[in-house]
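Hi everyone, thanks for making time today.

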Amino acid sequence: MTPAPSIVVIGGGPRGTGVIERIAANAVELYGDRPLDLHVVDPHPAGGGRIWRPDQSPLLWMNSMAEDVTMFTDETVELAGPVVAGPALDAWAEDVRAGRITPDADPAVLAEIHGLAGADFPTRRLQSAYLRWTYERALAALPPGITVHEHRTTALAVTGPRGGRQRVRLQDRPEPLLADLVVLTVGHLDAEQDPEQQGLADFARRHALVHLPPDFTADSDLDALRPGEPVIVRGFGLAFVDLMVLLTEGRGGRHENGEYLPSGREPVLYVGSRRGVPYHAKIGYPWTGERPPLPQHLGPAWTEQLLSRTGPLDFRRDIWPAVAKELGHAHYHRLFTAHPERTALAHEVFAEKYAAADPGSPELAGLIAEAVPDPADRLDLDALDRPLDGVRHDSPEAFQEALRAHVTADLARRHDPEHSEDLAVFLGLLSAYAQLIRLGDIGSWWHGFFSYLASGPPGPRLHQLLALSRAGVVRFLGADLTVETDEEQGLFRARSATVPGARTEARALVEARLPDPSLRHTASPLLRALRDGGAAITDDGLLAVDPADGRVLDDEGRPHPRRLALGPFTTARAGGAFTRPRTGGPAFRQNDAAARAALTFLRDLSCRGLLAS
């Protein structure tokens with residue numbers, strides 16, 4: 001008897017769930033009622049996976065408002081498959097309250113759901129319930145011929161010939177899963193320590209110090225950080241925010257009326273980074289009025305023109321000037337249409353000249369200076385990216401006051417609709433990201449810049465940071481942070497260019513960031529096996545995939561017919577945030593293309609009777 005075709009999805013988190021939702025959406029058209037075995041492999045519950053598993057501290061929030069999170073497509077998404085509408089997180093919560101949906105969640109999470117408003121920042125365990133429900137809805141939408149098998153274990157390797165069935169070796173199973181096609185959606189994984197981190201770890205062991213390498217903060221051994229002792233923290237992004245919360249409120253401290261009341265169990269966090277400032281706060285007001293037409297300078301024609309070039313692309317030379325012009329277009333369109341009193345030229349005249357000027361040219365700079373009298377109303381991306389460049393302070397105390405003022409000003413601006421051009425730039429960033437994904441691997445700088453401007457912490461978290469700073473629990477170190485080791489004294493030492501001559505010594509060092517997604521240092525045996533088995537790896541260590549459908553490429557650039565991959569470890573990474581409704585989420589487009597490619601391949605295989613044993 002001919003076996004049913006089989007597909008194995010490795011990784012049951014949001015990306016794997018999204019692919020399965022797209023398989024369900026496209027199955028009737030592309031696969032019909034044929035039998036198919038669908039295997040889902042993940043050691044954590046499918047839906048949320050590891051990062052969004054339900055057993056997390058209720059102190060850990062999502063980084064998005066409930067109304068800005070959806071797992072479902074809409075008419076703004078460019079996709080070949082059908083749009084299947086579904087509720088955004090806030091609408092889902094309303095359905096739960098109305099009794100139309102009964103999620104599988106514990107009473108504490110149900111209580112959170114019943115108190116959730118659209119502008120709230122939900123807990124991660126609440127989002128886990130939404131993701132699990134999304135996963136279960138996708139399974140229920142599969143045709144009857146598709147049978148689902150869940151495997152709560154870890155995939156160790158995928159082997160097999162290009163022209164035959166693949167074998168997926170599992171951690172706790174003697175026999176491999178046989179797959180006609182494999183989709184890797186493994187998300188964020190642990191990494192082996194690179195030479196720098198290994199050297200720091202060895203130093204810490206020799207001197208009985210604490211060194212916490214890059215990790216998902218919820219999984220770090222924070223008990224090793226002692227109350228009252230200084231801790232050098234390298235990293236000022238979202239991982240730092242989680243660390244800050246777990247070491248303060250998580251140890252019994254309280255925020256009351258804008259002040260922090262310590263428990264006495266907190267360490268003292270000395271934080272710095274390359275920029276030396278936290279990510280920009282989430283924008284705290286809704287969009288109103290006319291939207292900037294996007295994309296304007298980064299449309300599909302621009303993308304195709306770049307892809308037609310021979311030779312590698314240089315981001316700063318070939319891509320960034322057009323990105324900067326696109327973001328400027330969004331900024332000035334909003335300024336002229338919503339705040340014309342701050343401009344000195346007719347919008348039509350400005351728009352025509354802006355479109356004609358070359359990116360980064362003196363003509364463009366002169367036009368902006370003429371049309372926007374106040375420099376504070378002009379878009380300065382370099383200043384936004386590196387606000388402490390060239391800034392020096394005479395003492396650490398002076399810098400504490402200055403950075404508190406910087407954060408306070410950022411919070412005020414990001415919650416003031418009089419500066420709604422910032423929200424227009426945010427929309428421009430989303431549009432640009434969708435186009436740039438089509439180019440494949442363009443280096444890591446752009447992804448960091450995008451996260452810094454568009455994916456910062458909720459405003460309340462920065463208010464808490466200010467309170468912790470005033471209480472002396474958090475101390476700011478500055479930009480271009482360097483960490484040294486002192487063998488004689490057995491200490492870590494941190495320095496920053498922002499406060500020349502100042503140094504901070506500590507017996508604990510925390511790297512507050514997720515591990516690098518590079519396959520060069522991955523701790524995943526699955527990804528190591530792909531790397532060592534001939535898959536193409538970019539200069540940044542990412543798995544090279546076909547941007548059209550996510551097929552894994554080999555060293556000769558050939559797409560593997562039976563292996564697809566999507567996620568942060570690939571050149572098809574689509575940002576770390578969830579998709580906002582009605583923003584044409586590129587992850588949805590990728591999921592749809594991969595699902596359609598998989599179903600078409602399996603259908604053709606079945607029709608030709610080529611299911612190999």
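Let's start with Gln400, which is buried, because its relative accessible area is 2% and the cut-off for buried is under 20%. Before I go on, please keep in mind that this is a predicted model. Gln400 sits in helix H12, which covers residues 396-414. And what does Gln400 touch, leaving aside its neighbours within four places in sequence? The partners are Arg475 and Phe476.

Now for some residues at the other end of the accessibility scale. Ala80 is exposed, with a relative accessible area of 60%. You'll find Ala80 in the loop between strand E2 (36-41) and helix H2 (89-97). If we don't count residues up to four places away in sequence, Ala80 is in contact with Asp592 and Arg596. For a sense of scale, the C-alpha atoms of Ala80 and Asp394 are separated by 59 Å, and these two residues are 314 residues apart along the chain.

Next, some backbone geometry. As a reminder, most residues other than glycine have a negative phi, and most peptide bonds are trans. With that in mind, have a look at Ala208, where phi is positive at about 55° although the residue is not a glycine. Ala208 belongs to the loop between helix H5 (195-206) and strand E8 (210-212), and with a relative accessible area of 60% it is exposed. Asn257 also has a positive phi, near 55°. Asn257 lies in the loop that runs between strand E10 (254-256) and strand E11 (259-261). Is Asn257 buried or exposed? Asn257 counts as exposed, at 82% relative accessibility.

There's a cis peptide bond to show you as well. That bond joins Leu294 and Pro295, with omega at about -5°. Pro295 is placed in the loop between strand E12 (268-272) and helix H7.

On to helix packing. Two packed helices are described by the angle between their axes and the distance between the axes. The pair I picked is helix H8, residues 315-338, with helix H13, residues 421-436: their axes come within 8 Å and cross at roughly 145°. The crossing of H8 past H13 is right-handed. On the H8 side, the residues in contact include Phe315, Ile319, Val323 and Leu327, and on the H13 side they include Ala424, Val425, Gly428 and Leu429. Sorted by class, this contact has 10 nonpolar, 3 polar and 3 charged residues.

Which residues lie nearest its centre? They are Pro312, Leu313, Leu439, Asp441 and Ile442, out of 25 lining residues. Helix H7 (300-307) and H8 are the elements that give two or more residues to this lining. By class, the lining of the second largest pocket divides into 13 nonpolar, 6 polar and 6 charged residues.

Last stop, the cavities. The count comes to 7 cavities of 30 Å³ or more. The largest cavity holds about 100 Å³ of space. Its lining is made of 13 residues, and the closest to the centre are Gly187, His188, Leu189, Asp516 and Pro517. That lining has 7 nonpolar, 4 polar and 2 charged residues.

That's my tour, and I'm happy to go back to any of these spots on the screen.

Notes:
Residues numbered from 1 in each chain as written. Predicted model: local features only at pLDDT ≥ 70, side-chain atom pairs only at ≥ 80, totals over all residues. Heavy atoms only, no water. Axes fitted to C-alpha atoms, helices over the stretch in contact; angles between N-to-C directions. Helix = DSSP H or I, 4+ residues; strand = E, 2+ residues; numbered from the N terminus. Left-handed = near helix turned anticlockwise from the far one by under 90°. Contact = heavy atoms within 4.5 Å. Nonpolar A, V, L, I, M, F, W, Y, C, P; charged D, E, K, R; others polar. 1 Å grid on protein atoms, 1.4 Å probe; cavity = no way out; pocket = protein on both sides within 12 Å on 5 of 7 lines; lining within 4 Å. Buried < 20%, exposed > 50% of the residue type's maximum accessible area, 1.4 Å probe, protein only. Points joined across faces, edges and corners; volume = space filled by probe spheres on them.
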